[in-house]
Number of protein chains: 2
Amino acid sequence: MAQHLVTFHLDDPALGAHAPLHPMHVPTGTLVTEAAHTAGVEITQPCGGQGRCGRCAVQVTNGDVRRRSTLRLTAEDVAAGYTLACQSVVEGDVSVTVPPQEKIERRLTTDRVVAEVEVPIGYDASTMQTIQRVNLSLTPPSMDDQTDDWSRLVTALRQQFGVEEVDVSLPLLRRLGNILRDAEWNISAVFESEVRNQKSEIRLLDLRPTESPLFGLAIDIGTTTVSCWLVDLISGKVVAQAAEYNGQIARGEDVISRIIYATAGGRNGSSSEMQALVIDSINSLIAVACEKAKVDPQNIFKATIAGNSTMMHLLLNIPTASIRLAPFVTGINHMPPLKAIDLGLKINPEAAIDCLPGVASYVGADITAGVLSAGMEDGEQLTLFMDVGTNGEIVLGSKEWLVTCACSAGPAFEGAGVVNGMRATRGAIEEVWINGETFEPSYRVIGNTKPRGICGSGLIALLSELFLTGVLDKGGNLNMHLESPRVRSGEHGPEYVVAWAREAGYGQDIVITHVDVDNLLRAKAAIYAGYTVLAERVGVPLESVERFLIGGSFGKYINVEKAVQIGLLPDLPWEQFQFLGNTSVKGAYLALLNRNERARVTEIASRMTYIELSADNLFYEAFTSALFLPHTDLSKFPTVAQALDKA
Amino acid sequence: MAQHLVTFHLDDPALGAHAPLHPMHVPTGTLVTEAAHTAGVEITQPCGGQGRCGRCAVQVTNGDVRRRSTLRLTAEDVAAGYTLACQSVVEGDVSVTVPPQEKIERRLTTDRVVAEVEVPIGYDASTMQTIQRVNLSLTPPSMDDQTDDWSRLVTALRQQFGVEEVDVSLPLLRRLGNILRDAEWNISAVFESEVRNQKSEIRLLDLRPTESPLFGLAIDIGTTTVSCWLVDLISGKVVAQAAEYNGQIARGEDVISRIIYATAGGRNGSSSEMQALVIDSINSLIAVACEKAKVDPQNIFKATIAGNSTMMHLLLNIPTASIRLAPFVTGINHMPPLKAIDLGLKINPEAAIDCLPGVASYVGADITAGVLSAGMEDGEQLTLFMDVGTNGEIVLGSKEWLVTCACSAGPAFEGAGVVNGMRATRGAIEEVWINGETFEPSYRVIGNTKPRGICGSGLIALLSELFLTGVLDKGGNLNMHLESPRVRSGEHGPEYVVAWAREAGYGQDIVITHVDVDNLLRAKAAIYAGYTVLAERVGVPLESVERFLIGGSFGKYINVEKAVQIGLLPDLPWEQFQFLGNTSVKGAYLALLNRNERARVTEIASRMTYIELSADNLFYEAFTSALFLPHTDLSKFPTVAQALDKA
C-alpha cells in the first residue's frame, strides 16, 4: 500500500517554537486524526469522530486531503485549507497545522473538590468492614509436626474465625513460605471476609511481618470527571481526595460518542483503548491521593466503584454496542467481584474491586450509589432525586417504591455544544447579572481572573437574566431591535456579547449564540420533561414531592432561583431543594465502609423500576412544551410569572 | 565484566556434520552448563549440577576452564581435556566439544503405554460429572424487557438448576453479548457445578451456538514420565493416551536435584523455568492426544492432576526449598482450584484444573490417587500398597486405618546412577538369564534390537542371576576368581560384562560394575526397610499382609520371583502380589469422572498418617541389614534359601 509523508505543526503559543513534529509515514486511507494519534498529537473529538461537532478542524498547509464532509466549516474555512481532521483522508504527502486545542486542565481547582467528609456516626470497622487484619503466632514446623505451610496458616485462621475455607491466589501462595519464615511464624494477615449463602468466606489478601494499615478507595467514574477518595478503613476517615477529567474525553464528550469510538474497531478506536484511558486516569488519581496522605498503595486492599453503565462497561472492557441501540440493554448491570490485578489498578494486586450495581443502560451504579447516599430509599417523604451530569437521571419514590428514568440532556450545561462553553474551572464565568435598562452584563469569574468562557451555572444565570431583561423572548430568540452593541449578528447568526475581547483571556469576544440558546433549551427541556413525565407515569403530582434532591458536581453550584426561572427546576418552595454534590462517590464511600450499606445498594438496584422514556409520546410532548422560557404554560411557574410582571 | 568467546561443537554422529555452533560471548565466571544452555545445547545433569554424577563431562579442545571439581574423572580424562561442565568456570576463550548425550526418546514405545481402560461400571455423567452442558432458549430483549444479557442468562440457569449464584470470568463476560446475539439467543452453556458448604455453585465455562462435546484430562506428572489420558466426560471413555518424559529431566533426574535446580536462582536455575518445562511437556501430550482422537482442545473443560509433592509444587511454581530441608514440609498439600489459563495449559482457558491432594513432602497426590485406584481404603483386607518410581512410597492399612511413609530409593532401578543403566525403552535389556556353569548370559532386549543398556527389570534379573550363580556373593562382591572373561577389573573397579561391544548398539561393552551393584543394593534396601519398618511401627507382622499392591510404571514389568530373590519384595506367596501399573493416572481418571471419587481422594489424604522414617533408628538398622542379597537374615527369605540350596 502506498505510504505518504505527514508532518504535523502545533500552532499553540503555550508550546513555544512552532517547529514541525518529526514527519511520519502512513498508508493511503489513514484519517488525519489517526495519524495525529500515532504522532502523539491528541486532537479533541467531542463527537467521537463522527464529523458532527466541528471541534477537530485543522489546517492543511501543504498538499491536500480528501474531505469526506465539511459540515460546520464555511466556504472561507475550506478555501483557507481548514478541514475536519476526523473526516480527512490522507492520499498524498501533507503538512497539517493543529490549532490551539482547548487544553484539558489536569486538576480541578482544589477548593471545588475538597470538603471535609464526615465519617458515618457509629462506624465500627470490626463489624462493618469486610477488610480485616489479624495477628497470628504460628507454631513453627518440626519433625513432629510436618503440617504444610498453608494448612498451618488456615488452621490458625479457622481457630480465630470458625470459617470452613480460606481462598488464596496463586501469586500469594507462592510467597507464603518465605513470608512465614522471614517473619519467624509471627505474622499479620489481611483478609476479606464476606458472607455468601449464609456462610462466611475468607479470602487472604496479604501477609505482613507487622500489622498493616488498611486503606480503601471510593471511586466515581463520571463521563467527564473521575473522583477518588482515599479512606482509612479502620477509622473510616477520608484521608485524601482527588479528581481529574476522565482520560476518555478526547475520544468523545458524551456516552454515545464514547460507545461509537469504543465499537469502531481497528484504527478508529477500540474498547481496550477506552479501558486503558480510564484506568490511567484512576491510577494517576491514586498516585496523587497516596502522595497527599503519605499512604503506600500496597496498603490499599479494596476499591468500591460507581459510574454510569457505559463507564462501568468501558472500565471492564465489556462491549457497549447494545447500550446504544434499541432495545438499549447492558451486557451486565452487576459486575462480578474482581481483583485490582484484573484491571491493572496500581494498588495491592489482591485488593477487592467492588463495582456497584446499575439498573439499566442509562441508570447506572452512579444512581444507585446516589440514592443510597441521599438516604431516599428508607425515607417516609416522597422524594425526587436527580443527578445532572452529562446525562440526567431521575429517581422518584420513598421507602415504599422507587421508579427511575433517564433523559439525554447532553453536555450543554457542562459547556460542550456551546461556542464559548467551558467546564467549571479557572477562567469560567460562573454567575452573570444583566442591567435591565442598559443590557450591560456584570459577571463573576472562577479564580478572579480574566474570563475564558462560560460554565454551566453561568449559562443558567445568563439565560435567566437575558430572559428577564427581555433580551431573549419566551422562544429563546434574541431581540435584534435592542439599542445595544451587545446584541448583534455574528458568524453563527444572532448573538449576545458577554465579554469583549479586551476583557477576555483569549483576546476574542465571549458570546452566547442563538444556536447555543437552542442547545441549552433542549437540555433543560429534556430534564424537565424527564421528571414531570416520570411523576405523571406513576400518578404523583409534582407538587406532592416533598424533597427535591440534586446530585452531580454540576448541581453543587447552580442558583435555584435562576434554574427555576429558565424552567430547569420546577417552581417549588426553595427550601425543598437540596444540593448534594457528588452523590455517586459518596454512595461508593458508604458501601466501601459498611457491608450493610453495600447490601443496601444491591437492594436499591433490584427495587428500582426503570421506565424507558424514549418510547413514550408523553415525553415527547412534555419535551416540546418545555422548549420555552420557562415553559409554554407559564401557570406552572407562578413565581416566574410574578418576576416577569415586576420586570 | 570481561567477556569470553565460547564455541560449542556437538560430537554426535546422529547430527551429521560436526560444524561448530555459532560462537557466543559470556562473562567471566559463567559455568559451561550455563553457556551451553544459552547456546541451546542441553547437557544432561542427572544430579542437578552438583558435580556428583559425572554425566555432564565435556572436552575442552581449545583454551582452558577453571575446574571446581574433577570428581568421577580419571587423571587421563583430565589430561585429555575432559571436565565436568557443571563444575567448569569460563575465564578465557574456549572451544568445547559435547560428547553424544544419552538422548531422551520423545515417545515411549506405544505397546508399553496404551492398554484399554475400562469405564467404571455404573458411570453416569449426569449425576457424577461436575462438567455439564445445557441448551437454553432465551427470550430476546425488547423495549418491554430490557434485562441485561448476563441476568437473562443467569435467570435461565436458575430456572433449570435452582442455584443462587453463577460465577463467570471477565474474559467470558466480554464475549457474552456477541455470542448470545450471533446464536440468536439459543445457546448451549457449558458449566462446572460444585457443591460447597452444602450449596451448589455454578461457574460458567463457555457458551456455544450448538451443543459442545465435553472432554477432560487425567494427568500424572511423574518425576521421570508424564502421562495423560484424554477422556470423553459423557461416556467416560479414555479416547487417547499419551506419555512422554518430563521435560525437567535435563535439570536433574530425582526430586532432590530438581529442587536444588529450582531454588538455585539466577543463571543456575529457577523455579519458573522448571514450571515452563513441565507445562511444555503437558501441552505437547495434549496436542498428541487431541491429534490422535481428533478432539478440539477448546472442548477440554477439566483436568485432574496427580504427581508427587515436588512435581505439584513445580507445576504451580510454588517454592520447593522446604521440601528438601528438615523438617521437610511442603508449601501446600492441597492446591487451590485453578483454571487452565492460570497455568498456560493449551485447552479451554476456563477449564477447571483440579490438583489432587498430597499428604506430606514425600507422599504426594500420586499416592492418594494410587490408594484410590487400588481401592484399598474401603477394603477389609490388610493391604500394602507400594509405588516404586524414582522414590518409593508405601501405604499400609485397610478401611480402618492408613499409614504411609516414603524412602528415597533413588533412581537406580530407573537406570540412573548405574553406568549402563537406561530407561525401559527400545534397546534396553529387560530380562537376563545366566548359565550357572559357564557364567554366560542371555538376555531379551526391548524392541528386539541391539542392546544399548539395562533397564530396571533387567537390573533386578541380572542381580538375582549373578547372586544365584555365585558371581556375586551375599555382600554384593564380584567373585574375581571365576574362570570367565566376563568378570574383570575395569575402569571403575570389578565389573561383569553383560554384552560385548560387538553385540551392543553403542560399540562398547555393556557392564555392571561393583559401584552399580552397591547403588542397586542401597535402593532395594531402602524400599525393603521402608515397608518392614512401617509394618513394625504399627505392630503388624509383614506376614499378615493379605494383598501386596505395586504401582508405578516400574512395577508393571518386574519379575516377582527375581525381585524376591534380591530381597526387594518380601518372601510372600506370589499370588498376593498384584501389579497395577500407573495407579496415579488411574486415580486421577476416577477423580476426573466422578465427584464422589474426588471427595474420596480428599478423605484418603486426610485419613493417611504420615510416618517420617528419616528420623527413625529402626529404619537405619533395617536398611543396613537389607544391604545384602537377599538379606543378612536369610530366614526371612525361605524360598530364596531353598533356591540357593538347589543352585
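Modeller: Helices and strands are here DSSP runs numbered from the N terminus, a helix (H or I) having at least four residues and a strand (E) at least two. In these terms, Pro327(B) belongs to the loop that runs between helix H9 (321–324) and strand S16 (338–339) of chain B. The structure is a predicted model, and the geometry described below is to be read as such. The peptide bond that joins Ala326(B) to Pro327(B) is cis, with omega at about 5°.

Another cis bond leads from Leu629(B) to Pro630(B), and its omega is near -15°. Pro630(B) sits in the loop between helix H17 (617–625) and helix H18 (638–646) of chain B. In chain A, the backbone feature to note is at Phe328(A), a residue other than glycine whose phi is positive, near 55°. Phe328(A) is placed in the loop between helix H9 (321–324) and strand S16 (338–339) of chain A.

From the loops I turn to a sheet of chain B. Three strands, in the order S24-S25-S26 (chain B), make up an open sheet with antiparallel pairing. Strand S24 (487–490) and strand S26 (510–513) of chain B each have a single partner strand and stand at the edges, so one side of each has no neighbour in the sheet. From one strand to the next, the twist averages 45°. Strand S25 (residues 493–499) of chain B runs antiparallel to S26(B), and four bridges join the two. Within this pairing, Val497(B) has Val511(B) in S26(B) as its bridge partner. Helix H13 (residues 514–537) of chain B packs on the sheet, where it touches S25 and S26 of chain B, and its direction makes about 60° with that of S26(B). Helix H12 (residues 456–468) of chain B also lies across S25 and S26 of chain B, running at about 65° to S26(B).

A sheet in chain A leads towards the contact between the chains. Its four strands follow the order S8-S10-S11-S9 (chain A), and the sheet is open, with mixed pairing. The edges are taken by strand S8 (131–137) and strand S9 (166–167) of chain A; each has a single partner strand, so one side of each is left without a neighbour in the sheet. S8(A) pairs with strand S10 (residues 186–196) of chain A over seven bridges in the antiparallel sense. Arg133(A) has Val190(A) in S10(A) opposite to it. Helix H5 (residues 170–182) of chain A packs on this sheet and touches S10 and strand S11 (199–208) of chain A, with its direction at about 60° to that of S11(A).

The contact draws 43 residues from chain A and 43 residues from chain B. Between them, the two chains bury about 3500 Å², of which 57% is on carbon and sulfur atoms. On the side of chain A that touches chain B, the elements that give two or more residues are helix H4 (149–161), H5 and S11 of chain A. H5(A) supplies the largest share of that side, five residues. By type, the residues of that side divide into 20 nonpolar, 12 polar and 11 charged.

Salt bridges do occur elsewhere: over all chains, the structure holds 46. One of them joins Arg66(B) to Glu91(B), whose closest N and O atoms are 2.7 Å apart. This pair links distant parts of the chain, 25 residues apart, with Arg66(B) in strand S4 (residues 65–67) of chain B and Glu91(B) in the loop between strand S6 (88–90) and strand S7 (94–98) of chain B.

Notes: Residues are numbered from 1 along each chain as its sequence is written. Chains are lettered from A and ligands numbered from 1 in the order in which they are written. This is a predicted model: local features need pLDDT of at least 70, side-chain atom pairs count only at pLDDT 80 or more; totals for chains, interfaces and linings use all residues. Side-chain values use heavy atoms; hydrogens and water are left out. Two strands pair if DSSP finds at least two bridges between them. Contact means heavy atoms within 4.5 Å. Axes are lines fitted to C-alpha atoms, for helices over the stretch in contact, and angles run from 0 to 180 degrees between N-to-C directions. Buried area is the accessible area (1.4 Å probe) that two parts lose on being put together, summed over both. Ala, Val, Leu, Ile, Met, Phe, Trp, Tyr, Cys and Pro count as nonpolar, Asp, Glu, Lys and Arg as charged, and the others, Gly among them, as polar. A salt bridge is a side-chain nitrogen of Lys or Arg within 4 Å of a carboxyl oxygen of Asp or Glu.
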